[in-house]
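Open the model in your viewer and keep the sequence panel beside it. The tour below goes stop by stop, saying what to select and what is there.

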Amino acid sequence: MDLRTMTQSLVTLAEDNIAFFSSQGPGETAQRLSGVFAGVREQALGLEPALGRLLGVAHLFDLDPETPANGYRSLVHTARCCLAHLLHKSRYVASNRRSIFFRTSHNLAELEAYLAALTQLRALVYYAQRLLVTNRPGVLFFEGDEGLTADFLREYVTLHKGCFYGRCLGFQFTPA
């Protein structure tokens, strides 16, 4: 599934789930589910155009024409896998949320974990875009400005990496 279609499907499902859980009353779990789907919608909508821009320049950093692989492509792949998992989980919730066997707390925990991962992936995409804007075209690493490198690394270390462990461990190795 292409990125735009995946994002549109995820946003549609998120909005449907927001509407459903918002109508379930003032309970904490329903509010958290509504909030997590609002977060998924926001992150997906913000991430999709940025991923498209990265894909548009990723070929400039490939090892060679026969090896379409680099960190930008890996970042896009990882974000797509996270979006695909959230799409799958959102479909599951939409189909099963009325069932008496629906495990609300389990599904909420899964959604919150993957939303945290998606949020951090969006931050990583932001940093990748900053690299592209700051560097000369086709240059991968910072050149010259030591202060910029230090600022960039200082910001990078503030990213929360724990969300990629636990429930989300290894999700990028699943088919997207």
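A residue is called buried when its relative accessible area is under 20%, exposed when the value is over 50%, and partly exposed in between, using a 1.4 Å probe and protein chains only. By that definition, buried residues make up 40% of the 176 residues in the protein chain.

This is a predicted model, in which local features need pLDDT of at least 70 and side-chain atom pairs count only at pLDDT 80 or more, while totals for chains, interfaces and linings use all residues. Residues are numbered from 1 along each chain as its sequence is written, and side-chain values use heavy atoms, with hydrogens and water left out.

**Stop 1: the whole chain**

Show the chain as a cartoon. The secondary structure comes to five helices and zero strands. Helices (H or I, at least four residues) and strands (E, at least two) are DSSP runs, numbered from the N terminus. Along its principal axes, the C-alpha trace spans about 60 × 35 × 25 Å. Contact means heavy atoms within 4.5 Å. Of the contacts with a separation of 6 or more, 74% are between residues 24 or more positions apart.

**Stop 2: helix α1**

Select residues 3–22, which form α1. The expected span of a helix is 1.5 Å times one less than its number of residues. For the 20 residues of α1 that gives 28 Å, and the end C-alpha atoms are 28 Å apart, which agrees.

Now select Asp 2. Asp 2 caps the N-terminal end of α1, with a side-chain oxygen 3.2 Å from the backbone nitrogen of Arg 4.

Which helices do the buried residues of α1 pack against? They pack against α2 and α3. Among these buried residues are Leu 3, Leu 10, Ile 18 and Phe 21.

**Stop 3: Ser 34**

Select Ser 34 in helix α2. Ser 34 is buried, with a relative accessible area of 12%. Leaving out residues up to four places away in sequence, Ser 34 touches Ile 18, Phe 21 and Ser 22. For a distance check, pick the C-alpha atoms of Ser 34 and His 106: they are separated by 15 Å, and the two residues are 72 residues apart along the chain.

**Stop 4: the nonpolar core**

A nonpolar core is a set of buried Ala, Val, Leu, Ile, Met, Phe, Trp, Tyr and Cys residues joined through side-chain atoms within 4.5 Å. The largest one here has 50 residues, and those with the most contacts inside it are Phe 37, Leu 51, Cys 82, Leu 83, Leu 86 and Phe 171. The elements that give two or more residues to this core are α1, α2, α3 and α4. Helix α4 gives the most, with 12 residues.

Select Phe 171 and its surroundings. Apart from neighbours within four places in sequence, Phe 171 is in contact with Thr 78, Cys 81, Cys 82, Tyr 114, Leu 121 and Phe 164.

**Stop 5: salt bridges**

Side chains of opposite charge can pair when their charged atoms come close. A salt bridge is a side-chain nitrogen of Lys or Arg within 4 Å of a carboxyl oxygen of Asp or Glu. How many salt bridges does the structure hold? It holds seven.

Select Arg 32 and Glu 28, whose closest N and O atoms are 3.7 Å apart in a salt bridge. Both lie in helix α2 (residues 28–58), four residues apart, about one turn of the helix. Arg 32 is partly exposed at 35%, whereas Glu 28 is exposed at 56%.

Next, select Arg 73 and Asp 62, a salt bridge with its closest N and O atoms 2.8 Å apart. Arg 73 lies in helix α3 (residues 71–96) and Asp 62 in the loop between α2 and α3, so the pair ties together parts that are 11 residues apart in sequence. Arg 73 is partly exposed at 25%; Asp 62 is buried at 16%.

Then select Arg 130 and Glu 155, which form a salt bridge with their closest N and O atoms 2.9 Å apart. This pair links distant parts of the chain: Arg 130 is in helix α4 (residues 104–134) and Glu 155 in helix α5 (residues 146–156), 25 residues apart.

**Stop 6: Lys 89**

Finish at Lys 89 in helix α3. Lys and Arg count as positive and Asp and Glu as negative, while His and the chain ends are not counted. Lys 89 is buried yet has no salt bridge; the nearest side chain of opposite charge, Glu 110, is 4.3 Å away.

Key:
A polar contact is a pair of N or O atoms within 3.5 Å; within protein, one must be able to donate a hydrogen and the other to accept it, and residues adjacent in sequence count only if both atoms are side-chain atoms.
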